[in-house]
Amino acid sequence: MRESCLHMSDGRALASIARCAAARFGRTPPVTNARRSRVWLFNERGDRVGVIVSAGVQPQFGPGAPTLYLERRPRRTRRVRVASPARAAFGLLAALTGLAAAAAAQSPEDRGLAIALEAERRDSGFNDFTAELTMILRNRHGQESTREIRIRTLEVPEDGDKSLIIFDRPRDVKGTALLTYGHRVGADDQWLYLPALRRVKRIASGNKSGPFMGSEFAYEDISSQEVEKYTYRYLREELLDSVRTYVVERYPVDRNSGYTREVVWYDCTEFRVLKIEYYDRKTELLKTLAVNGYRQYLGRFWRAGEMHMVNHQTGKSTTLLFSEYRFRTGLGARDFDRNSLRRVR
Amino acid sequence: MTRQCLRILSPVVAVAVIVVAPAAGQVSGRATVESRVFPRSPLLDTQHRSDLSLILEPELYLELARGRHSFLFEPFLRLDLRDGRRTHWDVRALAWRMTARSWELQLGIRKVFWGVVESQHLVDIVNQTDLVENPDGEDKLGQLMVYVALIRSWGTVEFYLLPWFRERTFPGAEGRLRFPLPVATDSAAYQSGARRRHVDWAVRWSHTIGAWDLGLAHFSGTSREPRLVPGKDRSGSAVLIPHYDLIHQTSLDALWTKGGWVWKLEAMTRSGQGSRFAAFTGGFEYTLFGVLGTGADLGILAEYSHDTRGVEATTPFNDDLFLGGRLVLNDVQSSDILVGAMIDRNTRATLLLLEASRRLSDGWTLAVEARAFAGVGGSDFLAGLRKDHYLQIQVAWHF
């Protein structure tokens, strides 16, 4: 294996691979479509120390032709005992064999997943960000009403992101806050803070398809978009407003989702989502999301300036205007606990 | 609020306003006009068929050092047309907060809510109920406290030191939704010689473990819930004298959610008010998301309340079933409606309720509330309310 076919976030590819492989390899998780191409690595004590993601061969991804990602450095590098050389060699061999098999398969499912993983990889490492958001709701007669909210997001490397949404307008909901713990697998946890009663209220975890603040965005549209929440199928390459895009179909894993499938357009160069079509439970086209005004932050992370969601069945639409993006603001887990809900203003 | 309390608070409030107001804190709040109509003629001839109130609830909030320090001031004023006791003011909050990575400290007057169930608030004990506001007991008086929270990986532990007791408010002679005899709030009896200066304390552990939210708490001090003992006031008329006992109360609140289900339980045991007793309320809310082919959610609620004291209980919910439905339209106006019935399994006395609210425009909201009492006998706990069906309309301006 040559180093050129590895893409590593920390640049110490072979050393890390060998170290991880030296730790006991095996115990693959239940095979789901979404996770089929992930290989978890465990150490002697059974702690999960890393994951190898095979993304298949995608020459279109540009230079580097990533075949393998080691997403997470071993947490307990110093404490992981290196096993016997024979075991290490076996582990490495097994890992590489598995990856080769995954790469060879190249089904539309693998390819779709690979694109989603690449999009996720490119957006990982932001740590935290905050933004302000104006939401403009329009009914079919063109009447508008406006909401203002602030969002704070904390990246959680091993799981879904944590997010806090604070309502500023309309004024009757000022001080209301929604705390969400996203999870890669299983339902998200959500709490709503009602300032009048000083009450923190847990929300039913099946609350996914409901409209967010009366808008055309459902809770699941605005929640943390983890790769594991869908299974994928690559459809085609297509020009969207003269931008080269990959078109990928994805299917929500959660039965509480309001959609049977979504069609997502990623641009080929930066893997940003440009457009999503949502199909309802009757498999009819329900909504279309258009995302514009991307800007890059910290030289790496792309964030949208504008999102426009149209509901084709009701004629209503919602526009989200984002501003004041700030990254790595020093937010920590403590700013996303239940006590923090009572503090937000 | 008593005069003594007023004397202590006035300078504090004045200083707070003078210091903080020019520092460009956030000022917000609401002003509400409330109207109540009682369709049935009153039980007592001192009472009226209607009521009108104006409520002011401004809020001043100031943050310093990137939110590590914050200050909150929330006065409250109600002017009521009919009931002199309902015309009252309070400081709902006047507190300084310091927040650190693993702890939090608050000094001053605050409101705290504990609990998970809908039909009553069994374990919520830190603040006194402001009963003149609403018979549901959800409105609370501000409580002076020293509050420390320790945030650990195994949960949050909160300590409350509560140095000043607040007496429960009760409607006056002209007010409706009250006991047949007026409560003599000016001649309350205390078990503690320190009366309202008795220092109460509470400690609470709470944690989220996956789909579970758990809370375990202990309170020691003056009961927020008085025993009402028939007696005579200074002029010799029959009244109810509130007796505030010293109690110990240990409580549990738990919530579990999966899919559309939220299961809830509140349980407590109390000693010091007669012999030790226990009470619990448990049940579920099941939500059907996206009903009627729209974005509306329909929640079905069922809760059961039990109190081991039976008919001797100081609350009406000793063996009661609550059934209700909540429709949340998820529309632009945030319309929602809750209807429910609390049924006493022994006497069949039933309390029917309806609560609905809707945004009228940015800054204006409308809330409608109705309660009716069916099959309440003359000897029932709620006998005084048996003719007090009412419809309440609130129009609020949020600023």
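**A close look at one helix**

Tutor: Start with helix H3 of chain A. Its buried residues are A:Asp110, A:Arg111, A:Gly112, A:Leu113, A:Ala114, A:Ile115, A:Ala116, A:Leu117, A:Glu118 and A:Ala119. Keep in mind that this is a predicted model. H3(A) covers residues 108-122. Its length can be checked. At 1.5 Å a residue, its 15 residues should span 21 Å, and the end C-alpha atoms are 21 Å apart, so the two agree. An α-helix has 3.6 residues a turn, so residues three or four places apart point the same way.

Now turn to strands in chain A. Strand E14 (residues 273-280) and strand E15 (residues 285-292) of chain A run antiparallel, joined by five bridges. Within this pair, A:Lys275 stands opposite A:Ala290. E14(A) and E15(A) form a hairpin, with four residues between them. In the turn, A:Thr283 has a positive phi of about 65°. E15(A) also pairs with strand E18 (residues 306-311) of chain A. That pairing is antiparallel too, with six bridges. Here A:Val291 stands opposite A:Met307.

Next, see where chain A meets chain B. On the A side, 27 residues are in contact with 40 residues of chain B. Strand E10 (199-203) and helix H5 (338-343) of chain A are the elements that give two or more residues to this side. H5(A) gives the most, with three residues. By class, the side of chain A that touches chain B has 12 charged, 10 polar and five nonpolar residues.

Cross over to chain B. Its secondary structure comes to one helix and 21 strands. One open sheet has three strands in the order E8-E12-E11, with mixed pairing. Strands E8 (189-190) and E11 (227-232) of chain B each have a single partner strand, so they stand at the edges with one side left without a neighbour in the sheet. E11(B) pairs with strand E12 (residues 238-244) of chain B in the antiparallel sense, over six bridges. In that pairing, B:Arg227 has B:His243 as its bridge partner.

Finally, step back to chain B as a whole. Its C-alpha atoms fill a box of roughly 60 × 60 × 45 Å along the principal axes. A compact globule of 399 residues would have a radius of gyration near 21 Å, and chain B agrees, with 21 Å. Buried residues make up 37% of the 399 residues in chain B. Among chain B contacts between residues at least 6 apart in sequence, 54% join residues at least 24 apart.

Notes
Residues numbered from 1 in each chain as written. Chains lettered and ligands numbered in written order. Predicted model: local features only at pLDDT ≥ 70, side-chain atom pairs only at ≥ 80, totals over all residues. Contact = placed C-beta atoms within 7 Å. Nonpolar A, V, L, I, M, F, W, Y, C, P; charged D, E, K, R; others polar. Pairing = 2+ DSSP bridges. Expected span 1.5 Å × (residues − 1). Buried ≥ 20, exposed ≤ 12 C-beta atoms within 10 Å, placed from the backbone. Rg over C-alpha atoms; globule rule 2.2 N^0.38 Å.
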